[in-house]
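Good morning, and thank you for coming. Please take a moment to look at the sequence and the structure before we discuss them together.

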Amino acid sequence: MASATQMPAPVCLIENSPRKGLVVQQEALQVLSEIPQPVVVVGITGLYRTGKSYLMNRLAGQRKGFSMGSGVQAHTKGIWMWCVPHPCRPGHTLVLLDSEGLGDVKKGDTKNDTWIFVLTVLLSSTLIYNSKGSIDQRALEELYYVMKLTERVKVKAALEEREDGLEEAGQLVPFLPTFVWAVRDFTLQLEKDGEEISEDEYLEDALELEAGDSPETQRCNQPRECIRQSFPHRKCFIFDQPASRSDLVRLEELQDDEMSHEFQQQVEKFCRHIWEKSPPKTIPGGRILTGNLLGKLAETYVEAIESGAVPCLESAVQALAEMENAAAVKEAVTLYRDLMEQRAKLPTETVEEFLELHSQCEQEALELFRKRAFEEGTCQFQAELKRQVEEVKEKFCTGNEEASRAKCEGALRKLFQDIERRLHDGVYSVVGGSGLFKADLRALVKNYWEMPGKGVKAAAVLEKFLKDIKAITTAILTIDQSLKDKEEELKRAQQQHEKAEQEWKKKMKIHIAVSIGVGVLSIAVPPLRALRFFKLPL
């Protein structure tokens, strides 16, 4: 990821083109999009040729960078940006905005001058107003001229205003930066009524309202009251002329010993204050902006200006909130998906285990969303987050079921291999084979349930498996029954044969016995002639 240290020189953030108008530059947006850190945005504005760029280069810790020029025309066009590591706030980026000088008489069309000022004000967390000489009525009116934001910017879509616009100015305060007035080439003595005063006291004295209610007094007080109300947090720094007039044209090239010692001390004091006291850029609600959000905010403001509509700050913040909340939803959903992929050991043993994992990942995604999201519209985007997370969850749920199904089917195929071999070998094609098959099947089921990690489809896959092999079971049972029937038939036939044989044998015994008995009778009874011989009576 790119960091601020990779910016060797400033780039144009918002171009002020006579032909195209105000255009946010993609190169600058790319730089900002790669800054995830909070940003402290220091912008500088003021009349052209007042040395703004020199101060910004020094805030960047450099002598060169922002173009300074040496002519009488404004040298900076549009708003230029330089991102550097913050010298006093670790984990923050210092974003310096150098704006086009105001009041360039050589410029034909000055309609965008005020918009450049407005954009610098709205994008900054600290605004430096750079002027020369002293803070007098003219200086106040020059600042007031570009400070009339109420004519160019609306805080809300509908807001009741006072005729003098001060109520609107009060509504602007949450959108406005802290204010630093840098007075260059100051030649006056810092004193009031013969007593020495500080730079801040000098500013407050210049902003003090004059007594009276005459039209002239009201005209004089109007810039003071506007500045006081718009910038409740303000600071002042004065600077001596840094070198002789002839050396000013090469100010960035001057060595320290060629510059006024007082000026160097003043610049060091100024830079130290900006570095240490300038707050991170926030918007109403206390939201701290990153570089990415700053770029989106700049786009939103410029788009509103270029559309010809009166920019509405509340609408701009709302648009920014919607963009950021949508991005927060996307990031949270990505986190949920990544966490599920990292932690889910599919298949999970139970549905409850899967839902518990989902709940943990969803909670972490929700926490990320809440940290990044704007409060505006959170409920709507949180509901969208839940919807998208649910879609991802369903995909993981399907994947969990498929993983379980694949593992269970593989386990059953492996367990069934022994039964398949026995089928092939005809082990079950015997009387009682169905009993053997059922016993082996019961053993298979027992081993299957003892296997770990089958997942949520274990029962369903087993039920389908048993259903799929029902034809085999039926066939084995049919064969077994057929073999039993044949065996019974053979047994009956055998019994009938044996009975017939026994009856035959019995008959044979009787026949033999009868035959023998007739023979004996023939031998025992003498013939009739013998009886007659022995003269036995007949």
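Is Glu488 buried, partly exposed or exposed? With a relative accessible area of 39%, Glu488 is partly exposed. Please keep in mind that we are discussing a predicted model. Glu488 belongs to helix 15, which comprises residues 470-524.

In helix 14, residues 458-468, the buried residues are Ala458, Val461, Leu462 and Phe465. They lie on the same side of helix 14, because they cover an arc of only 100° around the axis. Glu463 and Lys467 are exposed on the other side of helix 14. The general principle is that an α-helix has 3.6 residues a turn, so residues three or four places apart point the same way.

In helix 1, residues 26-33, Ala28, Leu29 and Leu32 are buried. These residues, too, span an arc of only 100° around the axis and therefore sit on the same side of helix 1. The exposed residues Gln26 and Glu27 are carried on the face of helix 1 turned away from that buried side.

Finally, let us consider the salt bridges. How many salt bridges does a search of the whole structure find? The search finds 25.

One of them pairs Lys296 with Glu324, where the closest N and O atoms are 3.9 Å apart. Lys296 lies in helix 9 (residues 291-306) and Glu324 in helix 10 (residues 313-343), so this pair ties together parts that are 28 residues apart in sequence. Lys296 and Glu324 are both buried.

Another salt bridge joins the side chains of Arg372 and Glu331, at 2.1 Å from N to O. Because Arg372 lies in helix 11 (residues 351-372) and Glu331 in helix 10, this pair ties together parts that are 41 residues apart in sequence. Arg372 is buried, with a relative accessible area of 19%, whereas Glu331 is partly exposed at 33%.

Which residues are linked in a network of salt bridges? The network links Arg287, Lys296, Glu324, Glu331 and Arg372. Thank you for your attention.

Definitions and conventions: Residues are numbered from 1 along each chain as its sequence is written. This is a predicted model: local features need pLDDT of at least 70, side-chain atom pairs count only at pLDDT 80 or more; totals for chains, interfaces and linings use all residues. Side-chain values use heavy atoms; hydrogens and water are left out. Helices (H or I, at least four residues) and strands (E, at least two) are DSSP runs, numbered from the N terminus. Buried means under 20% relative accessible area, exposed over 50%, partly exposed in between (1.4 Å probe, protein chains only). The arc is that of the directions from the helix axis to the C-beta atoms. A salt bridge is a side-chain nitrogen of Lys or Arg within 4 Å of a carboxyl oxygen of Asp or Glu.
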